[in-house]
Structure formats: C-alpha cells, structure tokens
Amino acid sequence: MNPTGTPYVLARELTDISDEVRAAPAPPLPTLPAPFDLRLAAPDSDDPETLADWMNRPHLLAAWEQPWSARRRRQDWQAQLAGSYSRPILVGYDFAAAGRPELGRREVAYLELYRPAKDEIARLYHADPYDVALHIATADIELVGRGFMAEFIRALLPAIFAAEPKCRRLLADPDHRNVAVRRLCEKNGWPSLGEFDIRSDRRISLYSLPRTPADAVTLRK
C-alpha cells in the first residue's frame with residue numbers, strides 16, 4: 001500500500017514498518033531565530049518552478065541528481081504532504097536584518113525533514129520512531145563556503161530538538177562525494193558512522209547527532 005494515499009511513490013519511503021513507526025507524525029516545522037525563517041513548500045504555487053530551477057543548477061544537480069520538472073516536483077510535494085514520512089521546506093533569509101537592506105528577504109535554500117525510521121537508512125541502524133533526518137540544498141552558489149550554511153545549521157539543530165521533544169537523535173546521509181555537506185556535519189560535531197552502500201547506485205556517508213550521550217546510534221549488524 002502506498003502510505004501517502006496518492007499515485008506518486010516516494011522512492012525511499014519504507015512500507016514494511018511497525019505500527020509504532022507508522023503512528024509517528026511527520027516532523028514538525030521548527031521555529032528559527034531571525035534572520036532565518038522556514039515555511040512549508042506549497043505545491044499549488046510557483047514553488048515547484050522555483051525548485052525545478054534550483055535543482056538544475058550545476059552544484060545541486062551534482063549533489064542531488066534531481067533534474068526534475070516542476071510537474072514532478074509538485075507531485076513529489078503533494079505525496080510528502082499527504083503522508084507522515086517527510087516535509088518539504090523553503091528557507092528564507094532576511095538580508096536586511098543581516099546588514100544588507102538592498103537584498104531584502106528572499107528564499108535561499110531547500111530543506112527536507114524526514115523520519116529515518118520510515119526511510120531506507122533505517123536498515124542501517126536501530127531507528128527510533130521520532131528520530132529526525134534532514135537534507136539541505138543551498139540555492140545561491142554565492143552563499144556556499146561563506147559561513148551561511150554553518151550559521152543556518154547552528155540555528156536549525158536546536159530548533160529541531162525543541163520542536164520535537166521526543167526526538168532522540170538527528171541523522172544526515174549525504175552522498176559520500178558531497179564534501180560540502182560532510183564538512184558541514186563534521187564542523188558541527190556530528191559523529192561519522194561510516195560509509196554505506198544503500199543501493200547499487202547510492203553510497204552515503206551517515207552522520208548522527210544524539211540529544212544526549214545515552215541516545216547515541218547503534219548500527220545494525
């Protein structure tokens with residue numbers, strides 16, 4: 001059965017899960033301090049066209065491998081929002097508040113929060129139903145390597161834990177070739193759990209940040 005109730009299938013979402021995992025709601029939307037803000041992506045707006053443009057930019061095309069049309073992005077978001085596996089989110093930044101009034105506020109990144117217990121990476125570790133994992137894409141190449149994403153991550157991580165009190169740990173699973181995200185994880189104190197072949201065409205680096213030392217990840221054998 002398709003968990004989203006839509007014809008569109010989310011490729012990584014598991015269907016053979018326990019009732020306890022299935023009952024966990026979608027990750028809540030965190031509240032970030034200014035100059036950042038988050039909002040859910042809106043399928044029935046211009047947002048799919050925006051993401052289609054972003055994901056076809058060379059730096060994101062290499063990292064995400066999702067050169068999708070706006071139509072497919074809209075279907076993907078409709079499926080996400082109909083289920084409880086993941087949430088698509090747009091990241092806003094108020095440049096005026098950061099001392100650049102000529103730029104105003106604009107959306108600069110894409111974020112997906114998802115339940116790893118409902119994702120294929122649950123096959124790698126003993127996932128708790130309320131764990132939260134994330135994918136991040138920076139739209140503006142001029143912001144890459146200038147501390148923007150480091151600032152964002154420093155604000156985001158405690159905000160996720162605050163929004164989801166039952167979350168024991170955060171997970172990230174960038175492609176093993178995605179050096180930028182791997183460095184971002186390591187600079188923010190995420191222990192590396194190693195590299196894993198998820199599929200024949202997908203090798204990842206797995207990172208986890210526990211809420212407390214007692215919540216550290218245990219890998220499956």
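What follows is a conversation about reading the sheet and helices of a predicted model.

Visitor: Before we start, what ground rules apply to this model?

Guide: It's predicted, so local features need pLDDT of at least 70 and side-chain atom pairs count only at pLDDT 80 or more, while totals for chains, interfaces and linings use all residues. Residues are numbered from 1 along each chain as its sequence is written, and side-chain values use heavy atoms, with hydrogens and water left out.

Visitor: Let's take the sheet. What is the order of its strands?

Guide: The general idea: strands of a sheet pair through backbone hydrogen bonds, either parallel or antiparallel. Strands here are DSSP runs of E, at least two residues, and helices are runs of H or I, at least four residues, numbered from the N terminus. Two strands pair if DSSP finds at least two bridges between them. In this model there is an open sheet of 7 strands, ordered β1-β2-β3-β4-β5-β7-β6, and the pairing is mixed. β1 and β6 (192–199) are the edge strands, each pairing on one side only. From one strand to the next, the twist averages 30°.

Visitor: How many bridges join β1 to β2?

Guide: 5 bridges, with β1 (residues 36–40) and β2 running antiparallel. For instance, R39 has L90 in β2 as its bridge partner, and L40 has I89. On to β3 (residues 105–114): β2 pairs with it over 9 bridges, again in the antiparallel sense, and R87 is partnered by L113.

Visitor: What does F36 touch?

Guide: F36 is in strand β1, and at 4% relative accessibility it counts as buried. Contact means heavy atoms within 4.5 Å. Not counting residues up to four places away in sequence, F36 touches V91, G92, Y93, F148, E151 and F152. F36 and Y93 are 57 residues apart in sequence, yet 4.7 Å apart in space, C-alpha to C-alpha.

Visitor: Now helices. Which residues of α2 are buried?

Guide: An α-helix has 3.6 residues a turn, so residues three or four places apart point the same way. In α2, the buried ones are D47, P48, L51, A52, W54 and M55. They cover an arc of only 165° around the axis (taken from the directions from the helix axis to the C-beta atoms), which puts them on the same side of α2. Their cover includes β1, α3 (58–64), α4, β2, β3 and β4.

Visitor: How do α2 and α4 pack?

Guide: Axes are lines fitted to C-alpha atoms, for helices over the stretch in contact, and angles run from 0 to 180 degrees between N-to-C directions. Helix α2 (residues 47–55) and helix α4 (residues 70–82) pack at about 115°, axes 8 Å apart. On the α2 side, D47, P48, E49, L51, A52 and M55 meet A70, R73, R74 and W77 of α4.

Visitor: And where does α2 lie on the sheet?

Guide: Across β1, β2, β3 and β4 (132–138), at about 85° to β3. Helix α6 (residues 179–187) lies across β5 (169–172), β6 and β7 (202–210), running at about 20° to β7. As a last stop, A137 sits in β4 and touches M55, L60, W64, V108, A109 and Y110, not counting residues up to four places away in sequence.

Technical notes
Buried < 20%, exposed > 50% of the residue type's maximum accessible area, 1.4 Å probe, protein only.
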